[in-house]
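Thanks for coming. I will go through the ligand site, then a pocket, then a few backbone details.

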Amino acid sequence: MPKAAITATGHYVPPDVYPNAWFEQRLDTTDAWIRSRTGIAERRFASEGGASDLALPAARRCLEMRGIEAAALDCIIVATMTPDRPIPSTAAILQAKLGAINAWGFDLAGACSGFVYALVTATKLVEGGAARRVLVCGADRMSSVVDPTDRATAVLFGDGAGVVLVEMSEDDEVGVFEHVCHMDGEGATALYVPAGGSLIPADAESVAQRRHFVVQDGATVFRAAVVGMAEVIAELLKRADLTLEDVAWMVPHQANRRIIEAVARRLGLPLERVVINLDRYGNTVAATIPLCLSEWHDDGRLAYGDRIVLAAFGAGFTSGAVYLRWAIGA
Ligand code: ACO
């Protein structure tokens, strides 16, 4: 069966590095606590610009890898929880900055599962014939929504973007084979931003009460993420009639090293086959998975035909997993 595939990648992180020691000087925390409880050593924060400015260099690298102009794109999806503005969409802003004059597009709000949701959507648009080339971006400037005075969240996140191009594969043996997506809205209050939407619009009081920052029940999210990610991967493997022995790389959402290790342990997957870069970037939300793919590809660690499982879990709760065979580098 002809299928859609990822045919190019790109990523971008801002240049300014914030090691754990930076927080030691500002919050009641230590490098040792952050490393041992999260696995994060440093992250990048953008000094200016919005999600579109993170996505732009990543998108340019992606198009360059494929050797096509922006005008060859016919759809742009930006998965983000930190859009430049409520309107217009970050996809529209990125379209103008790229000069992708023939592309329509939209933002997708799936938090940490946003990239997986967007990849699945792009795959179906391409396979259904509604689009030929879809640029799928995961981009978040988390430093714009995380309370710098809250040690429980400030240390977890970073800013970054990852982008992939989705189009029909010329080889039926590679591409996106299977996916599973779920949502459990009962988890909504475990991880959320209280104000700034239509329910509680921004006003002087909401700002004074610091209600525009991410609030989370870390322990609840941690438990739900381990169970949710392991379940969605198990369901995917079953649906794709795959065993873990077949899988070259598992690319989990990068929230916490202990979450990733617990998921790998539950599944019986050796950590050598799990992609981890959150030690350097923290949790970049919608960007984590494409950032991993792009970085691993650039480092020559992904081979044509490799069986890869992507898995995400995030606010909502949302979760999703994708099974694909790597289609770059034939
Ligand atoms: N430095 C020092 N102490 C801290 C810090 C910090 N940066 N942050 C929290 N603590 C304290 C807490 O206040 C608490 O103190 P208390 O017992 O006096 O109240 C203590 O550490 C233990 O807190 P726990 O929540 O039990 O610590 P835990 O080991 O669970 O780690 C963490 C906390 C890292 C937030 C963890 O719960 C977690 O990673 N949860 C998942 C959250 C997440 O990744 N969310 C991202 C979005 S969702 C997703 O991507 C899947």
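Which backbone atom lies 3.0 Å from a nitrogen atom of the ligand? A backbone N or O atom of R151 does. Keep in mind throughout that this is a predicted model.

Two side chains also belong in this part. An N or O atom in the side chain of Q216 is 3.0 Å from a nitrogen atom of the ligand. For R258, a side-chain N or O atom is 3.4 Å from a ligand oxygen atom. On its own the ligand has 1000 Å² of accessible area, and the protein covers 72% of that.

Now the shell as a whole. The ligand is surrounded by 22 residues, and the closest are T29, R37, G218, H253 and N256. Sorted by class, the shell has 11 nonpolar residues, seven polar ones and four charged ones.

Where in the fold do these residues come from? Of the elements, α8 gives the most, with four residues. At the level of domains, domain 1, residues 4-168, and domain 2, residues 175-325, each supply at least three residues to the shell.

Next, the second largest pocket. Its volume is about 250 Å³. The lining of this pocket is made of 14 residues, and T7, R66, S169, E170 and A327 lie nearest the centre. The elements giving two or more residues to that lining are β1, at 4-12, and β7, at 159-168. By class, the lining has seven nonpolar, three polar and four charged residues. For those who want the general idea, rolling a probe the size of a water molecule over the atoms shows where empty space is left.

Last, the backbone. P88 is in the loop that runs between β4, at 75-79, and α4, at 90-98. Another is the bond from G316 to F317, also cis, with omega near -5°. F317 sits in the loop between β12, at 307-314, and β13, at 318-325.

One phi value also belongs on the list. R210 is a residue other than glycine, and its phi is positive, near 55°. R210 is placed in the loop between α7, at 204-208, and β10, at 215-216.

That is what I have; I will take questions now.

Key: Residues numbered from 1 in each chain as written. Predicted model: local features only at pLDDT ≥ 70, side-chain atom pairs only at ≥ 80, totals over all residues. Heavy atoms only, no water. Near = heavy atom within 4 Å. Polar contact = N/O pair within 3.5 Å; in protein donor to acceptor, adjacent residues only side chain to side chain. Areas by Shrake-Rupley, 256 points an atom, 1.4 Å probe, with all protein chains shown as cover. Nonpolar A, V, L, I, M, F, W, Y, C, P; charged D, E, K, R; others polar. Domains from an automatic or database assignment. 1 Å grid on protein atoms, 1.4 Å probe; cavity = no way out; pocket = protein on both sides within 12 Å on 5 of 7 lines; lining within 4 Å. Points joined across faces, edges and corners; volume = space filled by probe spheres on them.
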